[in-house]
Amino acid sequence: MVEVERVRYSDTLEREKIRAMIKARKEKQKEQSFENEKAVCPECGSRNLVHDYERAELVCGDCGLVIDADFVDEGPEWRAFDHDQRMKRSRVGAPMTYTIHDKGLSTMIDWRNRDSYGKSISSKNRAQLYRLRKWQRRIRVSNATERNLAFALSELDRMASALGLPRTVRETAAVVYRKAVDKNLIRGRSIEGVAAAALYAACRQCSVPRTLDEIEEVSRVSRKEIGRTYRFISRELALKLMPTSPIDYVPRFCSGLNLKGEVQSKSVEILRQASEKELTSGRGPTGVAAAAIYIASILCGERRTQREVADVAGVTEVTIRNRYKELAEELDIEIIL
């Protein structure tokens, strides 16, 4: 009798679970259909919908129909008119970043001896705060792996700062390095070499190219080791990196030579014509870019010498001479020296 009751009770529980699952599925389908209905204008069928947060309305951008009203604004309830006000009123920390070994999610005790209100901490409590700060710094790095990662990421940040690279490149380089650590590609190689190779790969991924010579100048390893480690990492991590285009170097070189936008546009135009005729394949992108800038500067009346262009581009005058003669001959450009 007791066993029969247990079987009935278990059957009842199973039925209730099944009913709850069916009910949840139906509610989810209803929500999805409602979202799909809201994603399309019922009047004209357009998907060009505009969220007007000031009026809390969802408006069709084509016919002007108000599809939804009084929706909840998920942003902050306060307003700020400059960076200082925004930092004071914000109640959250900095966003997560891969450039710090713990992704920036751990606590930091500031070196200034002030409390959260900005008041100076008494000398009685400063010794305690010093000890807290010391132990907090120690427990952030718990083992050798984290210590090596922290050193590598600080090295990445140092090199990126020296090259003046944007935040996106630093984040990408940190992600590449972390993938190499996860696949155990660091073993038997120097941390500086892998970090430099990761930075070089990130520059190519983000279309902010830097040459191996430039990476070598700011790193503590040789050009040969950076190139060898980069080839190994790109092969093991299956990084699909296209060959660097000479056009990517033009803005930086023109900026270094103080040339106007007209010269930059002309250089890009010359390089596109050269690319169509396959004159850039099999040649160094920096040399081709430097030759195009040299030709454009003469055509636009802002002449720069081959020596000046060579210094900025990091190539020799002979390379510029050879490349610009090829471009001028194949593209039928008349250059009056």
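What follows is a set of questions and answers about salt bridges, surface patches and annotated positions.

Guide: A word on the model: it is predicted, local features need pLDDT of at least 70, side-chain atom pairs count only at pLDDT 80 or more, and totals for chains, interfaces and linings use all residues. Residues are numbered from 1 along each chain as its sequence is written, and side-chain values use heavy atoms, with hydrogens and water left out.

Visitor: How many salt bridges does a search of the whole structure find?
Guide: A salt bridge here is a side-chain nitrogen of Lys or Arg within 4 Å of a carboxyl oxygen of Asp or Glu. One network of such bridges links E155, R158 and R220. Searching the whole structure gives a total of 12.

Visitor: Which residue meets D213 in a salt bridge?
Guide: Helices are DSSP runs of H or I with at least four residues, strands are runs of E with at least two, and both are numbered from the N terminus. D213 sits in helix α7 (residues 212–218), and its partner is in helix α8, 10 residues apart. The N to O distance is 2.9 Å, and the partner is R223.

Visitor: Is D213 buried, exposed or partly exposed?
Guide: Buried means under 20% relative accessible area, exposed over 50%, and partly exposed in between, using a 1.4 Å probe and protein chains only. The relative accessible area of D213 is 36%, so D213 is partly exposed.

Visitor: How many residues apart in sequence are the parts that E214 and R252 tie together?
Guide: The side chains of E214 and R252 meet in a salt bridge of 2.7 Å, N to O. E214 lies in helix α7 and R252 in helix α9 (residues 250–256), so the pair ties together parts whose separation in sequence is 38 residues.

Visitor: In which helix do E269 and K266 both lie?
Guide: E269 and K266 form a salt bridge whose closest N and O atoms are 4.0 Å apart. They are 3 residues apart, about one turn of the helix, and that helix is α10 (residues 261–276).

Visitor: Where is C41, one of the "binding site" positions that UniProt lists?
Guide: The UniProt record lists C41, C44, C60 and C63 under this feature; its positions follow the numbering used here, feature names are shortened, and annotations may be inferred rather than shown by experiment. They spread over 23 residues of sequence yet cluster in space, with a largest C-alpha distance of 8.8 Å. C41 is buried, at 2% relative accessible area. Its place is the loop between α1 (2–38) and β1 (49–52).

Visitor: Which residues make the nonpolar surface patch?
Guide: Patch residues have over 30% relative accessible area and no salt bridge; nonpolar side chains (Val, Leu, Ile, Met, Phe, Trp, Tyr) are joined within 5 Å, and like charges within 9 Å. Areas come from the Shrake-Rupley method with a 1.4 Å probe, and for residues only the protein chains shown count as cover. At 45% relative accessibility, M96 counts as partly exposed. This patch of about 310 Å² is made by M96, Y98 and L105.

Visitor: How far apart in space are Y249 and T286, C-alpha to C-alpha?
Guide: Y249 is in the loop between α8 and α9, and Y249 is buried, with a relative accessible area of 4%. Y249 and T286 are 37 residues apart in sequence, while their C-alpha to C-alpha distance is 6.8 Å.
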